[in-house]
Amino acid sequence: MAKIPLFLRNTWYYALPSKQLKPGQILSKTLLNEQIVFSRDRSGTVFAKKSETKDYPIKEAQGNIWIYMSNDETSLVLEDIPQIPEFANQTHQAVESIRFPCNVDHAVFGLIDPAHIAFVHQAWWWRSPQTLKEVIKTFEPSLYGFTMRKHPLEQQTFFYRLLGENPQIEISFRLPGIRIEKVSTEKHLVCNLTAITPISETETEETTMFYTTLSWFPILQPLLLWFTRSFLNQDKKILLKQQIGLKYNPPLTLVGDADAQARWYYRLKAEFARSQMQGASFVHPIKEKTLRWRS
């Protein structure tokens, strides 16, 4: 099997929040080892270039700017940008970003690893290790990824209880590194979209955006962003420790249901890379499966 590339090409990556680029402003940012200059003209249209001879396709929706990173051999756009249909043209109500000192694969692992939550994110306002129990969830294939089927939310924190009765949750993941979580009740819907964007082989940016139907959300926004920063910093602390051992490039051991999503991610990457290299259709490598782990 050919080596799986670290950076997937011919797909959309999250670039930056719309509010960071004002009309008439120019902003430079490195993505996938490429220095890119973003600009917004006076009419509000966004452009992106690295040089005078290369332009990048850009799409802007729901308060986000997405960039299409091609392999320079084709201009074919295979899919639309990630969006949350329930919020149409609405922008996000909160956004938080952090940079991790690791490659994109290890950042994605932290995003989709279901077992690490109980061990990394321990806090009095979230959960304690005494709540560890078996979790059983059913996953099914979805666009360039997989989805945890909608089910009742069992672990209800203070924030979730504010949403209303009978909360249910659905979580989906798609390449190159997009996770969308939807929590719905009889009256409200709260979604967060998290995007992983590689900066270089050793640095990755993670951005989380929140969309809600809660009219009083602005009141809790500072508290929610504090929670989000705490979570992201806990992940960053663990990633810093991981890099000490990973610098020797040891083989990764992915076993059991808890690591199934990481294995799926590698299979999805490999199939996406194969389809691009051969100019063939993407053949989904994931089948419906029920997973069990302790969390």
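**Close-up views of a predicted model**

View 1. Phenylalanine 146 is buried, at a relative accessible area of 2% (buried means under 20% relative accessible area, exposed over 50%, partly exposed in between; 1.4 Å probe, protein chains only). This is a predicted model, in which local features need pLDDT of at least 70 and side-chain atom pairs count only at pLDDT 80 or more, while totals for chains, interfaces and linings use all residues. Residues are numbered from 1 along each chain as its sequence is written, and side-chain values use heavy atoms, with hydrogens and water left out. The structure holds 14 aromatic pairs. The ring centres of phenylalanine 139 and phenylalanine 146 are 6.3 Å apart with planes at 65°, so this pair is edge-to-face. Rings of Phe, Tyr and Trp (its six-membered ring) pair if their centres lie within 6.5 Å; planes under 30 degrees apart count as stacked, over 60 as edge-to-face and the rest as tilted. Phenylalanine 139 is buried as well, at 2%.

**View 2. Tyrosine 144 and phenylalanine 282.** These two rings form an edge-to-face pair, 4.8 Å centre to centre with 70° between the planes. Tyrosine 144 is buried at 11% relative accessibility, whereas phenylalanine 282 is partly exposed at 21%.

View 3. Alanine 195 lies in strand S13 (residues 189-198); strands (E, at least two residues) and helices (H or I, at least four) are DSSP runs, numbered from the N terminus. Alanine 195 has 0% relative accessibility and counts as buried. Leaving aside residues up to four places away in sequence, alanine 195 touches residues including Tyr14, Trp66 and Glu205 (contact means heavy atoms within 4.5 Å).
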